[in-house]
Structure formats: structure tokens, C-alpha cells
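Please look over the sequence and the structure shown below before reading on.

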Protein chains: 2
Amino acid sequence: MKKNEDPRLIATRTHALDASLQLLQEEGVLAVTHASVSAATGISRSTLYRHWPTLHDLRNSAFLRAATSQVFSPKTNGPLKTDLIWLLGGLVTALNDTPWGQVAPQVVAAAATDSQTRAVINTFMQDRFQYVREAFEAAKSRGEVASDVDVTPLIEMVIAVPYFRKLIAGLPLDHQWLESHVDLICRLATEQQAAK
Amino acid sequence: MKKNEDPRLIATRTHALDASLQLLQEEGVLAVTHASVSAATGISRSTLYRHWPTLHDLRNSAFLRAATSQVFSPKTNGPLKTDLIWLLGGLVTALNDTPWGQVAPQVVAAAATDSQTRAVINTFMQDRFQYVREAFEAAKSRGEVASDVDVTPLIEMVIAVPYFRKLIAGLPLDHQWLESHVDLICRLATEQQAAK
DNA sequence: CTGTTATGCAACAATTTGTACTATAGATTG
DNA sequence: CAATCTATAGTACAAATTGTTGCATAACAG
């Protein structure tokens with residue numbers, strides 16, 4: 001039994017995925033092939049086929065790599081507006097300035113026909129939702145938001161709009177927009193006390 | 001000079017695009033090829049290549065066909081909630097029950113790397129936004145919404161969430177959800193009077 | 001040092017994508 | 001109706017893509 005994996009395996013996987021991710025960003029999914037990754041890395045085509053037997057496998061790995069290339073840190077110190085701007089700021093940065101932003105539309109499309117990719121997105125989204133939910137719950141426990149407010153649709157709105165702008169509508173995400181978006185959501189959350 | 005196009009051209013284009021759309025829905029983009037459309041229609045492969053010289057052309061035509069396969073009728077009789085439910089109901093039906101819903105994720109993905117497809121989506125979205133904007137403007141002129149409310153972010157929210165649910169998060173769109181979504185937006189629109 | 005395992009290389013097969021050419025069937029014009 | 005375009009069907013072919021296989025070599029583990 002071997003404790004550590006053969007370093008050759010690790011090196012091959014690492015370099016190949018680095019190159020795949022770069023190709024994915026710069027030239028799109030179609031540019032990610034065993035041949036192109038081989039050319040970019042010097043790794044033999046047959047070795048790449050050993051690691052990723054099909055094109056589908058190779059591209060899926062690149063997707064996974066892109067999806068996990070970003071980090072997201074929750075924050076629930078309050079006030080709600082500050083927490084949401086922190087969280088969404090991370091999301092906006094990820095969409096604007098990391099591989100994920102370039103690649104996400106292609107991953108979303110792949111998810112439409114591929115269940116594995118769908119699963120990647122789902123896990124991903126559940127995390128996003130959870131962090132935002134925690135911010136709302138914290139706001140509730142501070143009394144900032146009434147305890148009987150249903151925050152689920154609010155969470156959805158917070159997250160949906162930036163994704164929609166970036167991935168579907170092709171609109172920009174800047175800090176000014178982010179501020180007004182969060183402001184609107186917060187107003188909705190706190191004014192629901194009166195509406196009830 | 002010929003007044004009408006050769007009926008053979010029209011017939012070929014029509015039948016080929018019908019088949020392309022069906023393949024697109026049932027088996028995804030990758031299933032749309034000159035060979036598969038030829039097999040499905042009986043049209044010669046060489047004839048298909050005459051009409052659509054590259055695979056890209058063929059698939060793009062299928063996308064366009066899918067995007068224009070739906071109709072959307074505006075309505076501004078008021079009250080706002082009724083108008084929005086009508087508009088979003090059309091959108092939800094389109095996403096759930098027409099080719100567009102099956103195909104939209106793939107079109108969105110293609111838009112990420114193809115400017116022509118991007119243009120299709122943009123036109124498409126502008127129409128959606130315009131219809132919703134008209135509903136809000138009508139509500140303003142009825143005094144239902146204060147005249148100084150900025151409706152742009154509201155429009156975005158109304159539209160973004162159903163698209164996000166369907167295309168990105170893979171969540172269902174049902175009538176019950178629609179109702180509560182519209183309700184939230186309307187509350188936000190009408191309560192902004194007080195907030196000002 | 002010895003056996004194991006990953007890699008590199010080359011040859012090859014099958015499929016896909018696109019081109020070129022010819023004959024034929026269908027449409028348009030006078 | 002006849003002559004003339006014009007689109008399509010069919011075939012053969014070229015090039016690129018997507019894998020597969022076998023073998024020599026180099027790197028790793030015990």
C-alpha cells in the first residue's frame with residue numbers, strides 16, 4: 001500500500017489542468033483537447049489519454065478546476081448591508097476577475113446536458129446560498145430583520161441578479177451597481193416588518 | 001429579377017431548421033450536425049453544406065430559430081401585480097414548455113464566445129426589459145407607484161430571478177413561486193414611496 | 001539494486017468535417 | 001411549351017479529430 005501518490009501522476013495532473021484552465025479562459029471549451037493541452041505542456045498525448053480517457057473527462061476536469069479556483073469567505077458581523085456587500089463583493093470579484101467568470105457560462109451550458117456538471121453547479125450554489133442565508137439569520141438574531149420574515153426569496157434575489165447580469169444578460173458588474181442592489185434588498189428585508 | 005425565392009430553397013431551409021431545432025431539444029447542441037440533419041430530413045448532406053457552410057452556421061441558425069420560436073405579448077391594464085404575473089407567466093411558460101427553455105442554456109453558453117449569438121440574446125433581453133418597463137410606467141401613471149421611484153433595478157429583479165432559477169440554478173418555475181415572487185416585487189415598488 | 005509504474009513515441013483506425021464534381025430534377029422565363 | 005437557369009442528390013475524396021495499441025525508456029518505491 002502506498003501512502004503518497006506517485007509524484008509523476010501529481011505533476012502530470014497539475015500541469016495539464018493548469019494548461020486546460022488557461023485554454024478554457026482564453027479560447028473557450030472547444031480549445032481544450034488532448035492535443036492542445038499536450039502542445040501547451042509538453043506532456044505526451046497518450047499520457048493525457050491515460051489520465052482523461054475521453055474529451056468529456058478532460059473538459060469536465062477543467063470545469064471542476066475552474067469552479068474550485070475561487071474562495072468565498074462568509075461574514076456575519078453585521079449590519080446586514082455590510083455583510084451582504086462583503087459576500088456579493090466576493091462574488092462580483094470572482095465573476096469579474098477570476099477564471100470562474102470567464103468559464104462559468106460554459107459550465108452552465110454543459111450543466112444543461114451533463115449531470116456531473118450539474119452536480120458541480122448545485123454544490124457550488126448551495127454554498128453561496130448558505131453563506132447569504134447565514135448573513136440574514138444573523139441579522140434576524142440581531143433584530144435587524146423581523147423574525148417572521150421569509151428570507152428565502154430574498155437570498156435568491158441577492159444572488160440571482162449578479163449571475164443574471166454577468167452570465168445571461170452580458171451586463172457589467174461594478175461596485176456602484178452592487179451598492180444599490182444590496183441597498184434595495186436590505187430595504188425590502190427591513191420593511192417587511194411593517195408589511196406584516 | 002425574381003420576386004419570390006425559389007420554393008426549393010425555402011423548403012430546404014424550413015425542413016432542415018425544423019429538424020435542427022428538434023435535435024437541439026432532444027439531444028443537445030452536439031447532436032446538430034450536417035450529417036444528423038441530413039439523416040433526419042432526407043436532405044442531402046451536400047445541400048446542407050450549401051445552405052450552412054460550417055457547423056457553426058448550422059447551429060447558430062438553430063439557436064436563432066429557437067430564440068424566435070416564442071412570442072411574448074405585453075399588457076399594461078393594471079394593477080401592476082396582474083400585469084407582471086401576465087408577463088412573467090409568459091416567460092415561465094416559454095422557459096418550461098417551449099423549445100426555448102430546453103435550448104436557452106446552450107444559447108447562453110454560445111453567447112459567451114460568439115458575438116452573433118450574444119447579439120441574439122441582447123435583442124431578446126431588451127424586448128423583455130421593455131415590456132416589463134412599460135408595465136411599471138403604466139403603474140406610475142396610474143399613481144400605483146410613486147413617480148420618483150427608479151424602476152430599473154426592479155425590472156432587473158423581476159426578470160433575473162426566473163432566468164437564474166431555470167438556467168443557472170436548475171430550480172423549477174411554478175405558478176405558486178411566480179405569485180410570491182411578483183408579490184415581493186410589487187411590495188418593494190409600492191413601499192418605496194414611504195422610504196423616499 | 002530490483003521490480004513496478006508512468007511517461008514518451010510512433011503507427012494506426014474510425015469518425016467527423018468539409019470540398020469538388022457530375023447528373024438530374026425542378027423552377028423560371030419568353 | 002421549350003429553353004435555360006438553379007437547386008439538389010450522390011459519390012469520391014482530403015484533412016483534422018479522437019482515440020487505441022505496443023514498446024522502449026525513465027522515474028519511483030521498497
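A:A111 lies in helix α6 of chain A, which covers residues 99-113; helices here are DSSP runs of H or I with at least four residues, strands are runs of E with at least two, and both are numbered from the N terminus. The model is a predicted one, in which local features need pLDDT of at least 70 and side-chain atom pairs count only at pLDDT 80 or more, while totals for chains, interfaces and linings use all residues. Residues are numbered from 1 along each chain as its sequence is written, and chains are lettered from A and ligands numbered from 1 in the order in which they are written.

A:A111 counts as buried because 23 other C-beta atoms lie within 10 Å, where buried requires 20 or more such atoms within 10 Å of the residue's own, exposed 12 or fewer, and partly exposed a number in between, with C-beta atoms placed from the backbone. Setting aside residues up to four places away in sequence, A:A111 touches A:T117, A:R118 and A:I121, and also B:G170 of the other chain; contact means that the C-beta atoms of two residues, placed from the backbone, lie within 7 Å.

A:H15, by comparison, belongs to helix α1 of chain A, and A:H15 is partly exposed because 15 other C-beta atoms lie within 10 Å. Beyond its neighbours within four places in sequence, A:H15 is in contact with A:T41 and A:I43, and its C-alpha atom is separated by 9.4 Å from that of A:A40, a residue 25 places away along the chain.

The contact between the two chains takes 30 residues from chain A and 30 residues from chain B. On the side of chain B, the elements that give two or more residues are α6 (99-113), α7 (115-141), α8 (152-169) and α9 (175-195), and α8(B) supplies the largest share with 10 residues. That side divides into 19 nonpolar, 7 polar and 4 charged residues, with Ala, Val, Leu, Ile, Met, Phe, Trp, Tyr, Cys and Pro counted as nonpolar, Asp, Glu, Lys and Arg as charged, and the others, Gly among them, as polar.
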